[in-house]
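Okay, everyone, thanks for coming. Have a look at the screen, and I'll talk you through this one.

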Amino acid sequence: MRGLALALALFLMADQAAAAAVDPAAVRASGDWRLSEVGGKIACTLTLTRQVSLAGFELKAPLACRRAFPPLRSVAGWMLDDKGGIVLSDANAQPIVTFPAQARGPYEARAPDGRTWRLEPVKSERAGAEGEETPIITAPGGI
């Protein structure tokens with residue numbers, strides 16, 4: 001039993017070491033993102049972390065956000081697809097909603113409940129003060 005626990009611990013450490021060498025686009029995508037419904041009045045902030053999980057990377061969403069956007073209740077993590085889109089997935093790494101990569105502007109996707117969601121990076125204080133925009137992740141190699 002002790003050997004199994006040690007093997008599991010080593011596996012998790014190796015998984016986190018692999019995440020340290022993760023695609024730079026995933027590193028750039030991590031941070032705070034504003035989720036809203038297109039044409040709606042409700043918005044909230046999701047945090048895409050760099051912490052490795054079984055579903056890719058951990059996603060943090062306040063309870064109020066999960067209530068306002070019910071499909072988020074089953075979201076456990078996030079990852080980038082092979083085209084640079086942001087995928088929100090369940091604990092088994094099954095996609096719940098995929099925001100296709102965009103050259104410019106916010107990401108938009110149809111949620112499981114039929115509503116259209118918009119996802120855009122939250123500007124940092126530094127970027128807002130200097131008028132710079134937070135970069136939008138594009139497909140590998142650029143567009």
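Predicted model: local features only at pLDDT ≥ 70, side-chain atom pairs only at ≥ 80, totals over all residues.

The protein chain exposes about 8,700 Å², an accessible area from the Shrake-Rupley method with a 1.4 Å probe, where for residues only the protein chains shown count as cover. Residues are numbered from 1 along each chain as its sequence is written, and side-chain values use heavy atoms, with hydrogens and water left out.

How much of the chain is buried? Of its 143 residues, 30% count as buried, meaning under 20% relative accessible area with a 1.4 Å probe, protein chains only.

Next, the fold. We've got four helices and eight strands; these are DSSP runs, H or I of at least four residues for helices, E of at least two for strands, numbered from the N terminus. The eight strands form an open, antiparallel sheet, ordered 6-5-4-3-2-1-8-7. Strand 6 (95-99) and strand 7 (107-110) are the edges, each pairing on one side only.

Last thing: which cysteines are joined by a disulfide? Cys44 and Cys65, S to S 1.8 Å; the cut-off is sulfur atoms within 2.5 Å. Cys44 sits in strand 2 (residues 43-53) and Cys65 in helix 3 (residues 63-68), 21 residues apart. Both cysteines, Cys44 and Cys65, are buried.

Terms used. Buried < 20%, exposed > 50% of the residue type's maximum accessible area, 1.4 Å probe, protein only. Pairing = 2+ DSSP bridges.
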